[in-house]
Amino acid sequence: MIELGKKQTLTVVKAVEFGVYLAEDEGAEAKDRVLLPGKQVPEGTKTGDRLEVFIYKDSKDRLISTTNEPKLQVGGIAVLEVKQVTKIGAFLDWGLEKDLLLPYHEQTTRVCEGQECLVALYVDKSSRLCATMKVYHYLSTRTPYGPGDQVKGRVYEISGNFGIFVAVDDKYSALIPAREAAGKYRPGEILDLRVTEVKEDGKMNVTDRQKAYIQIGEDAEMVMGVIDEFAGVLPFDDKASPEVIKREFGLSKNAFKRAVGHLLKEGRIEIKERRIYKK
């Protein structure tokens, strides 16, 4: 069976002026054959030869084969460059003559020309090859990393409930849990991360924050910066709601309390009447 979106080794069953027809075996019917255009046919190829080709569709939606190497196959993931943005979606460079469509409904954020994005390849309901930025189910859970390891990860989706979905090495499944997410994130952003947990299913929890004793100092300076923006008087203290703290600082309530405690210990602030004052 000729499979769309995959590399296969097929037999040359017929030579024509504009190329050769390939099939699984020489006795295949015409409907089970696929064209390899003449400019793709290796020199000296003859009937009966076996060729490795990739199967996709041409501009007229017909099955066609190529000896060129695609940057990904069905079920695979890769970082591809956006070549063009149109009314139906974006078109990506995946190493073949016909660019790959990334439909709008498969984008986790709007993309622009020249941007690189992590995508997976799938066959849609109309039997067309398309890309998707929703790569969660395509990422590997066979991670080589363990707790404490430093890794790089690309943000590919953001969830208010779960957190920040990240592809470590553009390959492995990872999550910055919502409780750990600090600051603002955007799909496509590459982060320096630390693995905090590897679950039984192989998925990782990661954080872009340092270990607490290192992070406290950075958080404290950031809190001081915000206090300065409020003219030296923060209109709430460390008993404020987690939502307010998250909005103003991008910190969890616990991280904020640690930073405030650090500043109190250093004598740089004081708390009076449910407000924080700069000394």
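Helices (H or I, at least four residues) and strands (E, at least two) are DSSP runs, numbered from the N terminus. By that rule, Ser173 belongs to strand S13, which spans residues 172–177. The structure is a predicted model, in which local features need pLDDT of at least 70, side-chain atom pairs count only at pLDDT 80 or more, and totals for chains, interfaces and linings use all residues. Residues are numbered from 1 along each chain as its sequence is written, and side-chain values use heavy atoms, with hydrogens and water left out.

- Five strands close into a barrel in the order S11-S12-S13-S15-S14, with mixed pairing; two strands pair if DSSP finds at least two bridges between them.
- Strand S11 (residues 150–159) and strand S14 (residues 190–198) run antiparallel and are joined by five bridges.
- Gln150 stands opposite Arg194 in S14.
- Ser173, in S13, counts as buried because its relative accessibility is 4%; buried means under 20% relative accessible area, exposed over 50%, and partly exposed in between (1.4 Å probe, protein chains only).
- Apart from neighbours within four places in sequence, Ser173 is in contact with Tyr136, Leu139, Ser140, Thr141, Val166, Lys203 and Met204, where contact means heavy atoms within 4.5 Å.

- Residues up to four places away in sequence aside, Leu92 touches Leu80, Glu81, Val82, Lys83, Asp99, Leu100, Leu102, Cys117, Val119 and Ala131.
- S7 and S8 pair in the antiparallel sense over four bridges, and Phe91 stands opposite Leu101 in S8.
- Six residues lie between the strands in the hairpin of S7 and S8, where Gly95 takes a positive phi near 90°.
- S8 is covered on both faces: Leu100 and Leu102 are buried on one side, as are Leu101 and Pro103 on the other.

**Leu22 in strand S2**

- Leu22 lies in strand S2 (residues 19–23) and is buried because its relative accessible area is 0%.
- Contacts of Leu22, not counting residues up to four places away in sequence, include Ile2, Leu10, Val12, Val34, Leu36, Leu51 and Val53.
- Although Leu22 and Ile64 are 42 residues apart along the chain, their C-alpha atoms are separated by 9.7 Å.

- An open sheet of three strands has the order S16-S18-S17, with antiparallel pairing. Its edge strands, S16 and strand S17 (269–272), each pair on one side only.
- S17 and strand S18 (residues 275–278) run antiparallel and are joined by four bridges; Lys278 in S18 is the bridge partner of Ile269.
- H3 packs on the sheet, touching S16, S17 and S18, and its direction makes about 110° with that of S17.

**Aromatic rings**

- The whole structure holds 11 aromatic pairs. Rings of Phe, Tyr and Trp (its six-membered ring) pair if their centres lie within 6.5 Å; planes under 30 degrees apart count as stacked, over 60 as edge-to-face and the rest as tilted.
- One of these pairs, Phe18 and Tyr21, is edge-to-face, at 6.4 Å centre to centre and 85° between the planes. Phe18 counts as partly exposed because its relative accessibility is 48%, and Tyr21 is partly exposed, with a relative accessible area of 24%.
- Phe236 and Phe256 form a tilted pair, at 6.5 Å centre to centre and 50° between the planes. This pair links distant parts of the chain, 20 residues apart: Phe236 is in the loop between strand S16 (233–234) and helix H2 (242–249), and Phe256 is in helix H3 (residues 253–266). Both Phe236 and Phe256 are buried.
- Tyr136, Tyr156, Phe162 and Phe165 are linked into a cluster by ring pairs.
- The charged end of Lys272 sits over the ring of Tyr277, 5.0 Å from its centre; the criterion is NZ of Lys or CZ of Arg within 6 Å of the ring centre and within 35 degrees of the ring normal.

Technical notes. Axes are lines fitted to C-alpha atoms, for helices over the stretch in contact, and angles run from 0 to 180 degrees between N-to-C directions.
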